[in-house]
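User: I'd like a close look at one part of this predicted model, with the rest brought in as needed. Here it is.

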Amino acid sequence: MNAVLRRAAINWLPAYAALYILFLYGPVLLLPLFSVNDSATPTLPFAGFTWKWYEQLWGNREMINAAWNSVRVGLAAAILSTVLGICGARAVTRYRFAGKRAMSGLIMAPLVLPEIIVAISLLLVLLAFGMSLSLVTVTLGHVLICLPYSMVVLMSGFEGFDRSLEEASADLGETAFGTFRRVTLPMVAPAILASLLVSFTISFDEFIVAFFLSGTDPTLPIYIWGQLRFASRLPAVLALGTIMLIGSFLLVTIAELLRRRAVARTKTDGGLFV
Amino acid sequence: MSDRPMIEVRDVTRSYGNFKALDNASLTIREGEFFSLLGPSGCGKTTLLRMIAGFDTPTNGAILIDGQKMAGIPANRRPTNMVFQSYAIFPHLNVEQNVGYGLKRLRLEKAEEKRRVDEALAQVELGGLGRRGAGELSGGQRQRVALARALVMRPKVLLLDEPLSALDKKLREQMQVELRHLQQSVGITFVLVTHDQYEALAMSDRIAVMFGGRIAQVDTPKQVYQRPVNRQVADFLGGMNFVRARIVGEAEGHIVVDTPGFGQVRAERPRQFAPSNGSATLGIRPERLRVLWDEETAKHQVSGTVVDRHYFGEITHLVVEIPGFEAPLSVTETNNFGADDIPVGAPIRLAYDPDALVAMAD
């Protein structure tokens with residue numbers, strides 16, 4: 001009986017896994033399909049192939065503005081969260097201090113905090129400080145969201161960074177700045193770049209925080225959300241969504257490759273495991 | 001080697017809170033000397049090395065290199081270079097770039113820089129491997145790159161922090177010989193940190209034996225092995241039989257002690273010696289006791305019974321009970337006369353040289 005069950009499980013598990021993947025990614029894959037469908041509504045069967053929804057996008061000033069806003073917010077949030085992440089990751093991987101676990105835990109917390117709670121809290125605080133909502137407030141909110149991702153990427157780059165490498169550089173006559181430039185930076189550069197890419201990607205398509213904290217300038221996700229009210233604009237949104245999907249996928253892939261390279265680089269086992 | 005001091009450590013203490021990693025240590029290392037700091041982990045040997053290199057600062061006391069006080073001089077401006085325990089090979093650079101790392105700051109001509117890198121690589125027998133990536137090196141090769149990278153700077157002092165501990169036994173023994181030859185050919189002062197007494201004995205001109213932040217003895221390998229100043233040093237450097245002895249006489253530089261088995265022995269007066277309760281410890285290394293076969297006799301001998309035997313291939317380790325001794329004697333005997341066949345329980349006679357008996361402070 002048991003053997004029968006086990007065989008059934010062995011036969012069915014791959015099918016289950018395939019179905020699971022299909023449910024997970026199927027809807028996402030429909031997006032690019034409908035974005036080239038020559039019909040104003042996303043329904044089957046396909047009416048024919050067209051690039052016209054993409055062509056419409058180019059002429060859309062509002063969309064271009066929103067995209068430009070998102071790029072600016074994304075760049076600022078990426079740089080800020082990476083700079084903060086470098087400080088935090090270096091502290092956590094290098095030094096021992098009181099409250100270290102609590103600190104790294106709290107930095108990671110936004111990963112699991114409900115974003116809407118974070119967004120509302122930030123809104124209340126910013127208003128209490130009398131700050132007017134703008135792309136600046138969106139950026140600040142995004143730094144909070146991006147920081148845990150930056151930390152994870154940077155920590156894996158910094159971990160295993162043998163401190164004696166910096167000492168060896170000093171020992172060979174190099175100054176502190178020279179050591180940073182010739183040893184530290186080249187070794188952690190891939191991790192820093194990866195952190196920038198990941199933060200940018202997250203900020204670029206973040207909706208909830210941006211929705212609460214933006215003023216009159218919409219970011220791209222907010223613009224898309226606004227467009228959804230008009231059925232006729234749906235195909236163009238699908239086209240835009242497809243571009244964002246491919247862009248995000250590329251950036252995150254590059255980031256992961258860089259992160260792995262950083263990990264491989266900092267490995268300096270002194271012949272013990274060679 | 002000259003008598004000129006290259007490194008002077010004067011009353012150096014390094015405290016971390018209440019803990020003293022190094023406690024009032026003083027020593028002088030001569031120019032061109034191969035000097036080892038030997039001791040168990042936590043004895044302060046690495047702390048001392050790091051203070052010479054400039055990675056750590058004495059809480060008290062002074063360190064001089066080539067007559068110059070090192071206080072306030074950072075690691076990058078000291079005439080020392082270090083071979084790190086982990087080797088610290090820059091993983092993003094190839095062998096050539098690693099070795100040439102320090103030369104870049106000297107702004108030499110390209111050809112001169114290349115010549116010095118090649119020379120250093122040849123010195124450590126890595127010629128032709130310049131283009132190898134750091135990740136493609138074996139443990140032994142990494143060690144050589146670290147060595148070349150330091151030597152190429154032509155330091156006054158080369159510091160080595162347990163450089164052989166990551167290598168397997170065979171390679172380690174080969175590198176010991178090579179390092180010794182290298183040091184003799186370049187003539188640079190080498191300071192080696194190690195916890196391996198054989199390594200220190202095999203390579204050094206002199207050894208400082210350290211325990212708990214203090215320097216117990218500074219001497220030649222032969223002296224620290226044969227004339228340890230106390231039981232701790234004797235123990236750390238290898239097996240030693242200890243016998244409690246009564247002091248029956250004292251003379252200039254000597255003491256006369258009496259033991260049940262060895263009788264009255266005139267021994268060199270130990271340097272760390274406080275004749276308080278009229279007793280001392282007498283020690284003899286296991287290999288300085290020799291088994292007497294058949295009718296053979298010796299001027300100085302003790303007799304007893306074999307109570308245990310351990311076979312180690314080229315030697316056999318015998319445990320011999322001597323009437324009147326509180327502990328049995330350990331004897332190591334080479335196996336060319338059949339020591340491995342002596343049965344447990346057999347009576348045995350052991351010859352010894354009274355000069356091999358060393359009086360120690362407890």
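What radius of gyration does chain A have, and what would a compact globule of 274 residues have? Please walk me through chain A, and then carry on to its partner.

Analyst: Keep in mind that this is a predicted model. Chain A has a radius of gyration of 23 Å, while a compact globule of 274 residues would come in near 19 Å. The box tells you more about the outline: along the principal axes, the C-alpha atoms of chain A fill roughly 70 × 70 × 35 Å.

What is chain A built from? Its secondary structure comes to eleven helices and zero strands, so if you read along the sequence you get α-α-α-α-α-α-α-α-α-α-α. Of the 274 residues in chain A, 34% are buried. As for how the chain meets itself, take the contacts in chain A with a separation of 6 or more: 81% of them are between residues 24 or more positions apart.

Now to where chain A meets chain B. The contact draws 21 residues from chain A and 26 residues from chain B. On the chain A side, the elements that give two or more residues are α7 (163-171) and α8 (176-204). The top contributor there is α7(A), with six residues. Sorted by class, the side of chain A that touches chain B has nine nonpolar residues, plus six polar and six charged ones.

Over in chain B, the domain assignment gives domain 1 (5-231) and domain 2 (239-360). The C-alpha centres of these two domains of chain B lie 38 Å apart. They do touch: six residues of domain 1 of chain B are in contact with eight residues of domain 2 of chain B.

B:Gly61 is found in strand β4 (residues 60-65) of chain B. Why does B:Gly61 count as partly exposed? Because it has 17 other C-beta atoms within 10 Å, and a residue needs 20 or more to be called buried, or 12 or fewer to be called exposed. Setting aside neighbours within four places in sequence, B:Gly61 is in contact with B:Arg10, B:Asp11, B:Val12 and B:Thr13.

Terms used
Residues are numbered from 1 along each chain as its sequence is written. Chains are lettered from A and ligands numbered from 1 in the order in which they are written. This is a predicted model: local features need pLDDT of at least 70, side-chain atom pairs count only at pLDDT 80 or more; totals for chains, interfaces and linings use all residues. Two residues are in contact if their C-beta atoms, placed from the backbone, lie within 7 Å. Helices (H or I, at least four residues) and strands (E, at least two) are DSSP runs, numbered from the N terminus. Ala, Val, Leu, Ile, Met, Phe, Trp, Tyr, Cys and Pro count as nonpolar, Asp, Glu, Lys and Arg as charged, and the others, Gly among them, as polar. Domain bounds come from an automatic or database domain assignment. The radius of gyration is taken over C-alpha atoms; the globule rule is 2.2 Å times the number of residues to the power 0.38.
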